[in-house]
Amino acid sequence: IIPGYYSKYGSIFKLIDCKLKNNLRIEGYSKELQRDVILERDAVRALITANDVDDFIDANYMEYTTYLITADHHDEDFKYNYPLTAKYLQECFSGNNKGSALDIETIIRPSIREAMDKKKLILSVTGDISHAMSDSEANVVPTVGSYLCTFPGEDWQTIVAYMAILNSRTFSYMLYHRSQESDLIGSGRKSLLEDLPVPRYTSEFIILNYLSECLLYLSKPYLHPISKRISNERIGYYLTKILDMVVYELYFPEYVREHNLNAIEYINSAPFMQSSIVDDDIILQTYQWFQRPENVIRQMIEVLDT
């Protein structure tokens with residue numbers, strides 16, 4: 001868990017209203033120079049705020065207009081690899097009171113630089129509610145108030161499964177109550193997150209993986225309605241109810257067995273578990289399966305909510 005970027009030198013290293021010129025160049029507005037500049041595309045990464053993070057969003061489908069210079073200006077090949085960016089930084093620091101770019105130890109922390117190009121989750125905990133989105137290829141960098149969450153081996157199935165846990169009601173419930181306690185003892189938010197328990201990875205995580213993939217599918221921008229009678233958002237709501245039930249059982253297996261609410265053993269009959277390919281039909285069939293009056297999972301959720 002790595003805290004997001006703090007924009008101490010944002011007027012220089014952050015470009016707004018950016019447009020991709022091609023795969024090699026990007027054009028954006030520099031507040032420091034008060035004009036548009038063109039830099040190498042590989043020298044920057046998309047920058048997002050905590051408010052941009054929401055449940056089950058795929059960073060690969062987002063549109064970005066704010067970018068951060070992330071290339072290491074201390075690297076001996078920096079000027080050779082990024083001549084436009086080097087020239088821009090030199091212009092920013094010449095003739096002002098900021099010293100020089102070399103006086104700045106690093107534009108971004110080494111921990112962010114190491115994590116930003118990995119497959120990861122972006123986690124926001126604004127308002128003591130947990131929101132997690134996926135980032136497999138976009139390589140975004142979040143600002144302060146958000147976190148980069150990386151995983152050993154970068155196994156995508158594992159990452160997506162844990163996204164389900166971080167977006168669950170159970171995790172936000174624990175986050176909220178631990179936050180209230182931490183205010184009394186002065187604990188930092190990062191250490192609080194690191195101390196929150198999560199279930200150990202098991203074969204049952206495949207359920208969370210499939211559910212997360214369905215919810216990622218539904219969050220795609222400009223996705224057409226997959227049903228004539230019910231909105232995509234409403235279908236996603238019911239999928240989230242199933243997900244919350246599964247996560248709750250992973251946290252408290254003894255409790256749900258004691259109350260005959262162990263739903264996981266009945267999940268294998270769900271349509272979303274029958275195929276690794278997510279499409280309109282699979283999601284719609286899952287919704288119809290869940291809405292049947294005799295559906296055991298639906299009955300358990302109603303009892304657990306009570």
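I began with the charges: the mean positions of the 30 positive and 43 negative charges of the protein chain lie 4 Å apart. I counted Lys and Arg as positive and Asp and Glu as negative, leaving out His and the chain ends, and placed each charge at NZ of Lys, CZ of Arg, CG of Asp or CD of Glu.

A note on the source: this is a predicted model, where local features need pLDDT of at least 70, side-chain atom pairs count only at pLDDT 80 or more, and totals for chains, interfaces and linings use all residues. Residues are numbered from 1 along each chain as its sequence is written, and side-chain values use heavy atoms, without hydrogens and water.

Next I looked up burial. Of the 306 residues in the protein chain, 48% are buried (under 20% relative accessible area, 1.4 Å probe, protein chains only).

Then I turned to the secondary structure and found 13 helices and 10 strands in the protein chain. These are DSSP runs, numbered from the N terminus: helices are H or I with at least four residues, strands E with at least two.

R25 has E40 of β4 as its bridge partner.

Last, I checked the box: the C-alpha atoms of the protein chain fill roughly 75 × 50 × 30 Å along the principal axes.

Methods
Buried means under 20% relative accessible area, exposed over 50%, partly exposed in between (1.4 Å probe, protein chains only). Two strands pair if DSSP finds at least two bridges between them.
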